[in-house]
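Thanks for making the time this morning.

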Amino acid sequence: MTIMTASFANPKNDAASIERRVQALLAEMTLAEKIGQMNQVNASDEDMPHHLREAIEAGRVGSVLNQVDVDTVNELQRIAVQESRLGIPLLVGRDVIHGFKTVMPIPLGQAATWNPDIVREGARVAAREAATAGINWTFAPMIDISRDPRWGRIAESLGEDPYLASQLAVAMVEGFQGDDLTDAGTIAATAKHFAGYGASESGRDYATVNIPENELRNVHLPPFKAAVDTGVVSLMAAFSDLDGVPATGNEFLLRDVLRDEWDFTGFVVSDWDSVRQLAIHGLTEDDRESVYQAVTAGVDMEMAGQSYVQHLESLIDEGRIDVATIDAMVANILRAKFRLGLFEKPYTDPRALPPIANEHALDTARQAALQSAVLLKNDHGVLPLSANKLKSVAVIGPLADAPYEQLGTWIFDGDRELSITPMHAIHSLVGHEVDVRYLRAMDNSRSRASEAFDEAEEIARDSDVVLLFLGEESILSGEAHSRADINLPGDQAELVRRVKAAGKPVIAIIQAGRPLTLTNIIDDVDAILFAWHPGTMGGPAIAELLFGVESPSGKLPVTFPRMVGQIPIYYSQKNTGKPPSPETVVLIDDIDAHAPQLSTGMTAYHLDAGFTPLFPFGYGLSYTEFDYQDIRTSAEEVGLGDTLTVSAELTNVGDFDAEEVVQLYVRDLVANVTRPVKELKGFRRLRLESGQTVTVNFELHTSDLAFFGRDMKLINEPGKFHAWIGGSSETQLRTEFRIIDGD
Ligand code: NOJ
């Protein structure tokens, strides 16, 4: 195919050459063409509508989204490249969130692997598959810090912790974008949603967000800063309001922080129609004013709304927005197109890329699912099961054989035909020696029909062990799918009780898009394997874990509350002036009748829930046991600007070779602003054979301990710190050190 953009094509893709070409191209563009670059159009129709063809030809479209037919995408590119005046290729966007055809675990599940390597590889596989459809830009990773499991989009997040989310955000960006965006099979990434979207009131999607600036900077912004430092191509402005100014019109976020403080050179896209929503929020009177606010704030491209195309030119004519502002915004978009090498290679030949769902892709999905499952409970070592000691197993529940549900939220392109369900995988793994009896028992996870429960109880009674597949269907999490009650939905708790009544060991395998309050079933089951929505290869991974081919090694990236009223509950809370401890807690049933209220009060806990979660951040059992000893630092004091090593001895004292995620936590005891009681500062996934001991060393530079103080500047203070190493945020293995002023 001939490429009309030859004058702007240049195999040399360094930053200086890109900048020269951006400026040269800008100099040739009319105002209408510039505004066209800022316009992203939905192209999901199967038959390309005439008006889209015309708009691209006229240079009024910079990007399309939601078209995944490669021939159609190539045709759209052809119109842009060969029929528009300047031949500027299109950005082709899509929500490739946790896989394209081959689906990895939901991002929250991937976060439970605590393994940047597998997360990076998952994104790489997704990028390669998406690229076969001509997609060159994904709206991922979503790196909103989420401490509210009611929020449906927690499924898409990397959990509650800024450090873990930052590390994994970097890995995802690296996976999507590769080393060089001109390489085949790489696509541009989007860090979203900037910023604060994960803190919506009561976890209700799109609801109001209020985050004090200090918390915003210390908790919510770090993953975005990490993504920007890794070279992420774009950021998406959030739908939500932040302290009274919706993110899409928020100059503080999009200019002061992103451009002035962080020197971001990529571009910002709005969320779907979020420019026009500024009027619905009540920030502006009409669409025209919304355009003014969004452009002034720094939203370079409008997704789906068309209001830039309608109103921007007249705002410029009136002199309210100057052309220099537009030039800078268009340059941000063109820079991305040059970085992607689109001027040289606008078309896609899927045959030049690895086949979809190849062995490597499926193996990556299997590994990710294996490492993401978290063993929450395992009484008397009921797991792993030994196939040779069992005659029969009952496989019961609505999610045992649900190929679509195991894929989770945001899988527009996910191929359910590729899914291997747990029921099928258990059959393949042990079906030749164990009688596997399957009963769905409920139509879906929300079902209230209990007619099949008698049969479930019967099958359970006749089997040696029960594998109960519970959880949430995929539609119960994701965008606009928040829940106020996060118990197992429908009559699942009743199913648990009925099956338990059969008297056989009951193992619950839970697939869900969020932490669930499992308090009402936890005593009725012997073991719980929490598998999130594990993706295409969830079945084989779960089967291998249940039958001990591998040990579970996932760790929670988010705290599990006992009950909804505890939310938000997270490990890195502040100490308060009245911190709770086991000694101070008197629960509701233990309060004496007519007990007087104390004028001194008590401590920070709930009378009916105490102060501990059901399962803490970082928690996850293994088939083996890991013993941590001898925590120490390389010195008692470290000068500002220097590095200290925190070490411990880790031994696999059990009988199983297994992986462990070793975690380093720190507390800054006295500071300019109060600091969390524990903060994750390092982690490492290690494989230890039974009996093996290793020394685990974490290098800690004093800048790793910097935080935003009262004046909202990043500061590093001398003082005393505690450090812990262990297998969860509740580790008690502690040492201390001091940062001293270097001078
Ligand atoms: C709305 C969602 O908030 C955003 O995350 C997504 O990328 C866009 N829709 C496009 O589908």
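This is a predicted model: local features need pLDDT of at least 70, side-chain atom pairs count only at pLDDT 80 or more; totals for chains, interfaces and linings use all residues.

Let me start with glutamate 659, which forms a salt bridge with arginine 687, the closest N and O atoms being 3.3 Å apart, where a salt bridge is a side-chain nitrogen of Lys or Arg within 4 Å of a carboxyl oxygen of Asp or Glu. Glutamate 659 lies in strand β20 (residues 658-668) and arginine 687 in strand β21 (residues 679-688), so this pair ties together parts that are 28 residues apart in sequence. Strands here are DSSP runs of E with at least two residues, helices are runs of H or I with at least four, and both are numbered from the N terminus. Arginine 687 is partly exposed, at a relative accessible area of 43%, on a scale where buried means under 20%, exposed means over 50% and partly exposed is in between, computed with a 1.4 Å probe and protein chains only.

Residues are numbered from 1 along each chain as its sequence is written, and side-chain values use heavy atoms, with hydrogens and water left out.

In total the structure holds 44 salt bridges, and another of them joins the side chains of arginine 217 and glutamate 261, at 2.9 Å from N to O. Because arginine 217 sits in helix α8 (residues 213-220) and glutamate 261 in helix α10 (residues 251-261), the pair ties together parts that are 44 residues apart in sequence. Is arginine 217 buried or exposed? At 5% relative accessibility it counts as buried, whereas glutamate 261, at 41%, counts as partly exposed.

Arginine 498 also forms a salt bridge, with aspartate 454, and here the closest N and O atoms are 2.4 Å apart. That pair links distant parts of the chain, with arginine 498 in helix α18 (residues 492-500) and aspartate 454 in helix α17 (residues 453-461), 44 residues apart. Arginine 498 is partly exposed at 21% relative accessible area, and aspartate 454 is partly exposed at 48%. There is also a network of salt bridges, which links Arg53, Glu75, Arg78 and Glu83.

Now to the ligand, which is surrounded by residues including Asp95, Phe139, Trp272, Trp410 and Glu479, a residue being counted if one of its heavy atoms lies within 4 Å. The shell around the ligand divides into 6 nonpolar, 1 polar and 5 charged residues. Taken alone the ligand exposes 300 Å², and the protein buries 95% of that, with areas from the Shrake-Rupley method and a 1.4 Å probe.

Finally, the domain assignment, which is automatic or from a database, gives domain 1 (6-352), domain 2 (373-546) and domain 3 (626-740). The C-alpha centres of domain 2 and domain 3 lie 36 Å apart. Proline 223 and arginine 440 are 217 residues apart in sequence and 41 Å apart in space, C-alpha to C-alpha.

Methods:
Ala, Val, Leu, Ile, Met, Phe, Trp, Tyr, Cys and Pro count as nonpolar, Asp, Glu, Lys and Arg as charged, and the others, Gly among them, as polar.
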